[in-house]
Amino acid sequence: MMSDFQTDGKWCYIVLWVVQLQHSNFLRLDWDSLKNRLLSVSPPCLIPLYHDQKLNGSSAAPSVYLLKFCCVDRKGLLHDVTELLTELEFTIQRLKVMTTPDGKVVDLFFITDGRELLHTKKRRDDTCGYLCDVFREYCIGCELQLAGPECDNQRNFSSLLNLAVAEELFSCELSGKESCMQALRTATTSPEKAIVTVDNLLSPAHTLLQIQCVDQKGLFYDILRTSKDLNIQVAYGRFSSSIKGYRNMDLFFQQRDGKKILDPKLLESFCSRLKEEMLHPLRVIITNRGPDTELLVANPVELCGKGRPRVFYDVTLALKKLGICIFSAEIGRHSTQDRQWEVYRFLLVENGEFPLTSGQARNQMADRIRRTLMDW
């Protein structure tokens, strides 16, 4: 993908050249729906009307609905359900998956609708009908309704994370910690190269950052999320197509007051955060949870409260390809000193090809999951 964009502080012009990922061909890409969703998040041309609407509070957050899906268990089931929900343009906000002793699975999906039609009976009935038709004899029951207080109860499980596990998962900074380097070491393309060059002389009003790093899925998202969290704006920029697995970008930044970044501490912090997000945007570890094996995947949450898109989809896809069954799964939030994280927890079922007690097999599994998340 390539991009060219610029803004004058009032209008923003963006050009994106996009292609569908090869391994996503089984998902039908609805270009009309994509266009409508882009329009829905873009401010209209009538700026005064737009601000009036915002002040009147008309831009409420989308309603969260609870999908209860009960099914006979089988290998790859959780990803197959997730794939259908993605195809139907739902976003999974929270999740609770439980496997019963008699081989049944109860899935609780807390979802929002990209089409914003779940308030209609037809959309709810069509969704349940579609799931039942696809899974046929495996399907036991399907219900879809507006979520109640139980949605908030699924939001946070900080107290349930072991302190040692939380330390390994969240303290992976660019300080050379062994856990961080071990997590990165197995990638074919060395991600240890992330170069950020600062130029405060070229433009009288902007700070230019020239970035070279390993290409990966969500790279542009991570850069913009980081600048947004630090209250720094992208005035204009360009990034070219990937060359030998690396991406080059020229980005011109300003502070909210319209001035370039002159504070050395802010500039150093910004560059450090960018490098960290480019090298290690997601955390993946496999650990013990009592007698069971647990997979943990974590990503930073934006200041506005949104998590990274499609993480759950990619993790379940990787596990399905590995032939590893999921006994239970959940999504929650964990707060550290400086940020909030979205955490995906999976209890895994023993597999002959990947014995979960083997350290080598665990490393291979974590590497495969990481490659899928980063599209390496």
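**Reading the backbone, the sheet and the helices**

A: In the hairpin of strand 9 and strand 10, with 6 residues between the strands, lysine 244 adopts a positive phi near 55°. Helices (H or I, at least four residues) and strands (E, at least two) are DSSP runs, numbered from the N terminus. This is a predicted model, in which local features need pLDDT of at least 70, side-chain atom pairs count only at pLDDT 80 or more, and totals for chains, interfaces and linings use all residues. Residues are numbered from 1 along each chain as its sequence is written, and side-chain values use heavy atoms, with hydrogens and water left out.

Q: Where is asparagine 231 found?

A: Asparagine 231 belongs to the loop between helix 8 (219-229) and strand 9. Its phi is near 65°, a positive value in a residue other than glycine. Asparagine 231 is partly exposed, at a relative accessible area of 43%.

Q: In what order do the strands of the open sheet lie?

A: In a regular strand the side chains alternate between the two faces of the sheet. Two strands pair if DSSP finds at least two bridges between them. Here 6 strands form an open sheet in the order 2-1-9-10-8-7, with antiparallel pairing. At the edges are strand 2 (12-17) and strand 7 (194-199), each of which pairs on one side only. Direction ignored, neighbouring strands of this sheet are turned by 25° against each other on average.

Q: How many bridges join the paired strands, and which residues are bridge partners?

A: Strand 1 (residues 2-7) pairs with strand 2 in the antiparallel sense over 6 bridges; methionine 2 has tryptophan 17 in strand 2 as its bridge partner. Strand 1 and strand 9 run antiparallel and are joined by 4 bridges, and aspartate 4 has arginine 238 in strand 9 as its partner. Strand 9 and strand 10, also antiparallel, are joined by 7 bridges. Tyrosine 236 is bridged to phenylalanine 252 in strand 10.

Q: At what angle do helix 3 and helix 10 cross?

A: Two packed helices are described by the angle between their axes and the distance between the axes. The axes of helix 3 (residues 77-87) and helix 10 (residues 311-322) cross at roughly 145° and come within 9 Å. Axes are lines fitted to C-alpha atoms, for helices over the stretch in contact, and angles run from 0 to 180 degrees between N-to-C directions.

Q: Which residues of helix 3 and helix 10 meet?

A: Contact means heavy atoms within 4.5 Å. From helix 3, Leu78, His79, Asp80, Thr82, Glu83 and Thr86 meet Phe312, Tyr313, Thr316, Leu317 and Lys320 of helix 10.

Note on methods: Buried means under 20% relative accessible area, exposed over 50%, partly exposed in between (1.4 Å probe, protein chains only).
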